Every structure is written in structure tokens, then in C-alpha cells.
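Visitor: I would like to go through this model term by term. For each label, please set the value against its definition.

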Amino acid sequence: MINKFNIKSQFDLLFEQLCLFCDELENAQIQSAVYFQLPPINKDQEDKAPTNINVKKYKGDEALNKIVSAYKDLFIEDKASSKVMMRHPGLLTINDFNNQLINRLKCVNKEKQKFKQLILEIPNNDARFEAVHSAIPSLITLASYRKIHSESTVPYSVRFTWMTKHATRTLSKDAALEMLSRSSNYSNPRMIDQQSWQALVEKEKIRVSSLNEKSKLRIRRPTRVSPEVNVRFTAQKRYHVSAALPFILFNPHPETKLGDLPNYEKNDNHPRKKAYNFLVDRIYLEKVD
């Protein structure tokens with residue numbers, strides 16, 4: 001059984017390794033440090049996808065201080081929003097020829113993963129929330145799971161970009177109709193009157209009802225745009241990871257190309273953007289072929 005003591009003990013192990021890592025980081029042989037500060041998200045912006053994001057760049061010692069703070073950013077404290085986690089894109093290049101920091105980082109990520117697995121053993125979200133916040137008040141649980149990504153070989157380039165992902169959920173025709181039936185009882189008098197709302201939902205239900213009984217449906221809802229790190233070795237060999245925390249390049253090669261995170265501007269006419277034919281635009285409901 002997972003109890004308060006288990007949760008607190010594992011978190012203390014995690015935080016101890018994280019603090020040791022940050023202490024060693026401040027005394028490491030750092031070649032370069034850059035931190036891309038994103039604007040804070042207040043409560044009024046929590047449910048709105050941004051159309052532009054201005055990035056402020058810091059370098060050197062100032063960047064290093066912000067990077068260390070980013071790795072320890074695990075608590076709500078006085079944040080403008082407790083619903084949308086702050087992201088901390090950045091890049092450190094460090095000489096670590098004896099692998100001291102690399103090994104410490106492996107310990108940090110191992111303890112993060114163990115903490116995550118421990119919490120996910122609790123059967124439902126409400127119980128998890130209660131257990132975690134009873135043991136560690138003000139902890140942002142998802143922030144404690146965040147892996148610190150790094151690379152210790154020699155890539156051709158390490159660059160940043162913005163990525164829009166989708167949260168997907170597959171459901172049956174009956175489940176979709178049940179969802180729409182529930183939503184017909186909702187209302188938003190500032191946007192639409194109840195009668196017009198119910199008429200809109202009825203049209204959506206008719207559209208779904210016309211499908212074959214065995215039809216598979218999917219909600220493919222876009223999530224907030226987020227920064228990512230692109231690590232490239234060749235045109236074919238490359239990978240990308242989240243830039244929610246600063247990326248570390250160990251023992252950097254002078255010819256590796258390093259990039260910056262640009263400001264974000266939403267582009268509705270992107271040539272690679274896929275056109276979706278949603279059954280219900282409002283909830284991003286589509287038929288799976």
C-alpha cells in the first residue's frame with residue numbers, strides 16, 4: 001500500500017539527488033549557458049492557446065542561475081497559474097570528462113522515474129492528488145516527473161523549435177453520443193442561449209448517429225504549443241525531446257551547431273498543416289478510417 005511516508009521518502013531521495021546535481025553544476029566546467037525565458041501564464045490565459053510567444057534570451061552566469069532554478073522549479077509557490085506548468089527551455093554545454101555529472105544526472109532521472117512509478121500505482125487521479133499533496137504540500141507533481149534530457153556524443157546540431165501536439169482519445173459511436181447528450185445540459189449564457197445551444201448539440205448528435213454502429217471515433221484535441229530540442233546527427237539520424245527543462249550537451253565539440261529558440265507566431269497557413277474533416281468541430285471529433 002502506498003502511504004504518505006513512502007511518497008515523502010521517495011521525494012526526499014529525488015530532491016537530494018537534484019540538489020547535489022545543481023551544486024555540482026555550479027562548480028562544473030561550463031562552456032556555454034543560454035536560457036530562453038517564456039512569459040508567465042496567468043489564470044485568464046490558462047484555457048487559451050497563444051497565437052504568439054515572445055522569448056527573452058539570457059546568457060552566461062545569469063543564464064546558469066536561471067537554469068539551476070529551473071531544475072528546482074517543483075512547487076506552486078506564487079505562480080500566476082497552477083494549471084499550466086512553466087516551461088524552461090535552455091542549453092548548457094559542459095566538459096565532464098570523468099563522467100561525474102553524467103552519472104549524477106542518471107541518478108536524478110532514475111529517482112524521478114521511481115517517484116513517478118510510485119505515484120502512478122495509486123489507482124485514480126483524485127486519490128493521487130490527495131496522497132501527493134498530503135505528503136508534499138504545494139508540489140507540482142508533473143514537474144517532479146520531468147526528465148532532464150542530455151546528449152554525450154557528438155551531434156551535428158542542437159536546435160530549438162516550437163511543436164503543437166495533440167491529445168487523442170478513441171471512443172465508440174455510443175460513447176460519443178453519450179458525451180454529446182451530457183453536453184446538451186451545459187450552458188454558457190455569455191456565448192449562446194440554452195435553446196440555441198441544445199439545437200446545436202442535436203445537430204451534432206444527428207451527424208454521429210448517421211454512422212455505422214461499428215464506427216471508430218477519435219477526439220484529436222490540439223494542446224498548447226511547447227518548445228522542443230532537435231538533436232541532429234545526419235539527415236536520417238535525429239531525434240527531438242521536450243524543452244520543458246534546459247538541455248545539456250556534455251563534452252561539446254566545437255563544430256556542433258547550436259541554435260536559439262525563436263519567438264512563436266502561429267501560422268494558420270503552414271504548407272505542412274493537415275486539413276481535418278471533423279464530424280464535430282467543437283470537440284475535434286473525427287471518424288477513424
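Visitor: How many bridges join strand 5 to strand 11, and do they run parallel or antiparallel?

Guide: Strand 5 and strand 11 (residues 247-250) run parallel and are joined by two bridges. Strands pair if DSSP finds at least two bridges between them, so this counts as a pair. Serine 150 has isoleucine 248 in strand 11 as its bridge partner. The model is predicted: local features need pLDDT of at least 70, side-chain atom pairs count only at pLDDT 80 or more, and totals for chains, interfaces and linings use all residues. Residues are numbered from 1 along each chain as its sequence is written, and side-chain values use heavy atoms, with hydrogens and water left out.

Visitor: What makes strand 3 and strand 5 edge strands?

Guide: Strand 3 (56-59) and strand 5 (150-151) each pair on one side only. They belong to an open sheet of five strands with mixed pairing, in the order 3-1-4-11-5. Strands here are DSSP runs of E with at least two residues, helices are runs of H or I with at least four, and both are numbered from the N terminus.

Visitor: Which strands does helix 3 touch where it packs on the sheet?

Guide: Helix 3 touches strand 4, strand 5 and strand 11, contact meaning heavy atoms within 4.5 Å. The direction of helix 3 makes about 145° with that of strand 11. Such angles run from 0 to 180 degrees between N-to-C directions, and axes are lines fitted to C-alpha atoms, for helices over the stretch in contact.

Visitor: Why is helix 1 called roughly antiparallel to helix 3?

Guide: Helix 1 (residues 4-26) and helix 3 (residues 100-120) pack at an angle of about 160°, with their axes 9 Å apart. Angles under 35 degrees count as roughly parallel, over 145 as roughly antiparallel, 65 to 115 as roughly perpendicular and the rest as oblique. Therefore helix 1 is roughly antiparallel to helix 3.

Visitor: What is the make-up of the contact of helix 1 with helix 3 by class?

Guide: The residues of that contact divide into 15 nonpolar, four polar and five charged. Nonpolar covers Ala, Val, Leu, Ile, Met, Phe, Trp, Tyr, Cys and Pro; charged covers Asp, Glu, Lys and Arg; the others, Gly among them, are polar. Among the residues in contact are Phe11 and Leu14 in helix 1, and Leu105 and Phe115 in helix 3.

Visitor: How do you know that helix 6 is roughly antiparallel to helix 7?

Guide: Helix 6 (residues 173-183) and helix 7 (residues 194-209) pack at an angle of about 175°, with their axes 9 Å apart. That angle makes helix 6 roughly antiparallel to helix 7. By class, their contact has six nonpolar, three polar and three charged residues. Residues that meet there include Leu177 and Leu180 in helix 6, and Trp197 and Val201 in helix 7.

Visitor: What makes the pairing mixed in the open sheet of four strands?

Guide: The order in that sheet is 10-9-6-12, and the pairing is mixed. Strand 6 (residues 157-163) and strand 12 pair in the parallel sense over two bridges, with serine 157 opposite lysine 257. Strand 6 and strand 9 run antiparallel, joined by seven bridges. Strand 9 and strand 10 also run antiparallel, joined by five bridges, and form a hairpin with five residues between them. The edge strands are strand 10 (238-242) and strand 12 (257-258).

Visitor: Why is strand 9 called mostly covered?

Guide: Five of the seven residues of strand 9 (residues 226-232) are buried, where buried means under 20% relative accessible area, exposed over 50% and partly exposed in between (1.4 Å probe, protein chains only).

Visitor: Why does asparagine 99 count as partly exposed?

Guide: Asparagine 99 has 34% relative accessibility, so it counts as partly exposed. Asparagine 99 is in the loop between strand 4 (90-95) and helix 3, and its phi is near 65°, a positive value in a residue other than glycine. Most residues other than glycine have a negative phi.

Visitor: What makes glutamate 77 exposed?

Guide: Glutamate 77 counts as exposed because its relative accessibility is 63%. Glutamate 77 lies in the loop between helix 2 (60-71) and strand 4.
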